[in-house]
Amino acid sequence: MATYFSEEHEWVLVEGDVATIGITKHAADQLGEIVFIEQKEAGDEFEKGDEIGVIESVKAASEIYAPLDGEVVEVNGDLEDNPGALNESPEGDAWIYKVKLANAAQLEELMDLDGYKALIG
């Protein structure tokens, strides 16, 4: 297992050819109280950089961008009823998608934890 981070404040936990994607604690803190999430459905395919959802907080709406190419194999349906879980456990139980990787080489374009910490200062 390895964890990567994107400049759009997403984390990617890779196990074999499946990646779990969520938002970082930093992103959740910046958004404030999250009240709604719009998600793709299982079977949806996307390319790196595509908009794959929207998170709305009391302060703003923020798009979720695909950190790599893939296909949604599982959606965290718990977030529909409890979007606030993204504030409580953004890097744990409140993952957003499980995705089948289409191009593992794209992981090299993401950051490790030290790189992400440097990005957010």
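Predicted model: local features only at pLDDT ≥ 70, side-chain atom pairs only at ≥ 80, totals over all residues.
Visitor: How many salt bridges does the count come to?
Guide: A pair qualifies when a side-chain nitrogen of Lys or Arg is within 4 Å of a carboxyl oxygen of Asp or Glu. Among the pairs that qualify are K100 with D17 and K25 with D29. By this rule, the count is three.

Visitor: Which residue meets the side chain of K100 in a salt bridge, and how many residues apart are the two?
Guide: The side chain of K100 meets that of D17, with N to O at 2.8 Å. K100 belongs to strand β9 (residues 97-101), while D17 sits in the loop between β2 (10-15) and β3 (18-23). The pair therefore links distant parts of the chain, and the partners, K100 and D17, are 83 residues apart.

Visitor: Are K100 and D17 buried, partly exposed or exposed?
Guide: The middle class lies between 20% and 50% relative accessible area. K100 has 39% relative accessibility, and D17 has 40%. Both K100 and D17 count as partly exposed.

Visitor: What is the area of the nonpolar surface patch made by V35, F36 and V58?
Guide: One member, V58, lies in the loop between β6 and β7 (61-65). V58 has 58% relative accessibility and therefore counts as exposed. Together, V35, F36 and V58 make a nonpolar surface patch of about 270 Å².

Visitor: What is the nearest side chain of opposite charge to D69, and how far away is it?
Guide: D69 is found in the loop between β7 and β8 (70-75). D69 is buried yet has no salt bridge. A salt bridge would need a nitrogen and an oxygen within 4 Å. The nearest side chain of opposite charge is that of K48, at 7.7 Å.

Visitor: Which backbone nitrogen does the side chain of D69 reach?
Guide: Leaving aside neighbours within four places in sequence, the residues in contact with D69 include F46, E47, K48 and Q106. The side chain of D69 reaches a backbone nitrogen at 2.6 Å, that of K48.

Visitor: Is Q106 buried or exposed?
Guide: Q106 lies in the loop between β9 and α4. Leaving aside neighbours within four places in sequence, Q106 is in contact with K48, L68 and D69. The relative accessible area of Q106 is 8%, and buried means under 20%, so Q106 is buried.

Visitor: How far apart in space are V54 and I64, C-alpha to C-alpha?
Guide: V54 is found in strand β6, and at 12% relative accessibility V54 counts as buried. Among its contacts beyond four places in sequence are F36, I37, A61 and I64. V54 and I64 are ten residues apart in sequence, and their C-alpha atoms are separated by 5.6 Å.

Visitor: Which residue caps the N-terminal end of α4?
Guide: The cap is a side-chain oxygen that lies 3.3 Å from the backbone nitrogen of D114. Following α4 is G121, whose phi is positive, near 70°. The residue that caps the N-terminal end is D112.

Visitor: What is the phi of H9?
Guide: H9 lies in the loop between β1 (2-5) and β2, and H9 is partly exposed with a relative accessible area of 23%. Most residues other than glycine have a negative phi. H9 has a positive value, near 65°.

Terms used. Residues numbered from 1 in each chain as written. Heavy atoms only, no water. Helix = DSSP H or I, 4+ residues; strand = E, 2+ residues; numbered from the N terminus. Buried < 20%, exposed > 50% of the residue type's maximum accessible area, 1.4 Å probe, protein only. Patch = residues over 30% accessible without salt bridge, like charges linked within 9 Å, V, L, I, M, F, W, Y side chains within 5 Å. Areas by Shrake-Rupley, 256 points an atom, 1.4 Å probe, with all protein chains shown as cover. Lys, Arg positive; Asp, Glu negative; His and termini not counted. Polar contact = N/O pair within 3.5 Å; in protein donor to acceptor, adjacent residues only side chain to side chain. Contact = heavy atoms within 4.5 Å.
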